[in-house]
Amino acid sequence: MAGKGTPATALLSKQKVAHTLHAYDHDPRAESYGLEAVEALGLDRARVFKTLVAEVDGRLVVGVVPVTGQLDLKALAAAAGGKKAKMADPAAAQRATGYVLGGISPLGHRSRLPVVIDATASTFETVFCSAGRRGLEVELAPDELIRLTGAVVAPIGA
């Protein structure tokens, strides 16, 4: 992985958080980055989470939900203390996080964004999420993910 570090992996190393990186060859034709990771790495779908950026009352908020489901925008708005949410403009999401679509990690954003993680993450010993680029997942304890992101935990998956 030399030369392939990301802000997310740098944060994990700096904080001395136990984690495992899982790389795979990303197929640019894949329709779902998360499901591509599940298939390429042979993972349990329920333990793989996708990172989505939404706009809640005009501010960007990150939602982390299982790859098999959808983000419940009303639940995200409520968990973030807002009233109305919509998916963020992709360019705004990339600018604020510093990552490209399909590689947005909940960790190591360029701008500090509020993070809400779906409550199902806490039911697993470890979970998988993007490590900051397409084709790279990180496995870590959900408690560490919650701690490092300062996340609110709520049922935001649909």
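Guide: Arg147 forms a salt bridge with Glu144, their closest N and O atoms being 2.8 Å apart. This is a predicted model, in which local features need pLDDT of at least 70 and side-chain atom pairs count only at pLDDT 80 or more, while totals for chains, interfaces and linings use all residues. Residues are numbered from 1 along each chain as its sequence is written, and side-chain values use heavy atoms, with hydrogens and water left out.

Visitor: Why is the contact of Arg147 with Glu144 called a salt bridge?

Guide: The term requires a side-chain nitrogen of Lys or Arg within 4 Å of a carboxyl oxygen of Asp or Glu, and the closest N and O atoms of Arg147 and Glu144 are 2.8 Å apart, so the pair qualifies. Both residues lie in helix α5 (residues 142-149), 3 residues apart, about one turn of the helix; helices (H or I, at least four residues) and strands (E, at least two) are DSSP runs, numbered from the N terminus.

Visitor: How many salt bridges does this rule give?

Guide: The count comes to 3. One of them joins the side chains of Glu139 and Arg47, at 3.2 Å from N to O. Glu139 lies in strand β7 (residues 136-140) and Arg47 in the loop between α2 (33-41) and β2 (49-56), so the pair ties together parts that are 92 residues apart in sequence. Another joins the side chains of Arg29 and Asp27, at 3.1 Å from N to O.

Visitor: Why is Arg29 called exposed?

Guide: Arg29 has a relative accessibility of 71%, and therefore counts as exposed, while Asp27, at 27%, counts as partly exposed.

Visitor: What makes up the lining of the largest pocket, class by class?

Guide: The lining has 15 nonpolar, 10 polar and 6 charged residues, where Ala, Val, Leu, Ile, Met, Phe, Trp, Tyr, Cys and Pro count as nonpolar, Asp, Glu, Lys and Arg as charged, and the others, Gly among them, as polar.

Notes:
Buried means under 20% relative accessible area, exposed over 50%, partly exposed in between (1.4 Å probe, protein chains only).
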